[in-house]
Amino acid sequence: MWWPILTLSIVLVVLSVILTGFILLHKNRGGGLSDLFGGGMSTSMGGSSMAERNLDRLTLVIGIIWLACIVALLVLYRLHPGL
């Protein structure tokens, strides 16, 4: 019964890469660690575009699926402690 763990592990790695990419695509809002390294030069435009809102939603959905994969792996490892 090792294939569900292998499948979820592969899905988790793929989701981690996608989630990292989505987070890096977000616009810099300033005030974070990027200001320490000279990244504080951002324009202050009011509101966000439709693409940014869709990226926010997509990031949230991928993050929730990522978290669900971690919980599912935890449950599978608890059910099969010998793996």
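Q: What does the secondary structure of the chain come to?
A: The chain has two helices and zero strands. Both kinds of element are DSSP runs, numbered from the N terminus: helices are H or I with at least four residues, strands are E with at least two. This is a predicted model, in which local features need pLDDT of at least 70 and side-chain atom pairs count only at pLDDT 80 or more, while totals for chains, interfaces and linings use all residues. Residues are numbered from 1 along each chain as its sequence is written, and side-chain values use heavy atoms, with hydrogens and water left out.

Q: How much of the chain is buried?
A: Buried residues are 17% of the 83 residues in the chain. Buried means under 20% relative accessible area, exposed means over 50%, and partly exposed is in between, with a 1.4 Å probe and protein chains only.

Q: Which residues make up the largest nonpolar core?
A: Eleven residues: Ile5, Leu8, Leu12, Leu15, Leu19, Phe22, Leu55, Ile62, Cys69, Leu73 and Leu76. Helix H1 (3-25) and helix H2 (50-79) are the elements that give two or more residues to this core. H1 supplies the largest share, six residues. A nonpolar core here is a set of buried Ala, Val, Leu, Ile, Met, Phe, Trp, Tyr and Cys residues joined through side-chain atoms within 4.5 Å.

Q: How do the axes of H1 and H2 cross?
A: The axes come within 9 Å and cross at roughly 155°. H1 and H2 are therefore roughly antiparallel to each other. The axes are lines fitted to C-alpha atoms, for helices over the stretch in contact, and angles run from 0 to 180 degrees between N-to-C directions. Angles under 35 degrees count as roughly parallel, over 145 as roughly antiparallel, 65 to 115 as roughly perpendicular and the rest as oblique.

Q: And what classes of residue are in the contact of H1 with H2?
A: That contact has 22 nonpolar, four polar and no charged residues. Ala, Val, Leu, Ile, Met, Phe, Trp, Tyr, Cys and Pro count as nonpolar, Asp, Glu, Lys and Arg as charged, and the others, Gly among them, as polar.

Q: Switching to single residues. Is Thr59 buried or exposed?
A: Thr59, in helix H2, is buried, with a relative accessible area of 14%.

Q: What is Thr59 in contact with, leaving aside its neighbours within four places in sequence?
A: Leu19, Phe22, Ile23 and His26. Contact means heavy atoms within 4.5 Å.

Q: What about Trp66, where is it found?
A: Trp66 is in helix H2 too, and at 28% relative accessibility it counts as partly exposed. Apart from neighbours within four places in sequence, Trp66 is in contact with Leu12, Leu15, Ser16 and Leu19. From Trp66 to Ser16 the C-alpha to C-alpha distance is 7.2 Å, though they are 50 residues apart in sequence.

Q: Is Glu52 buried or exposed?
A: Glu52 is buried, with a relative accessible area of 19%. Glu52 lies in helix H2.

Q: And Leu60, buried or exposed?
A: Leu60 counts as exposed, at 55% relative accessibility. Leu60 is also in helix H2.

Q: How far apart are Leu6 and Leu73?
A: Their C-alpha atoms are separated by 9.4 Å, and the two are 67 residues apart along the chain. Leu6 is in helix H1 and is partly exposed, with a relative accessible area of 42%.
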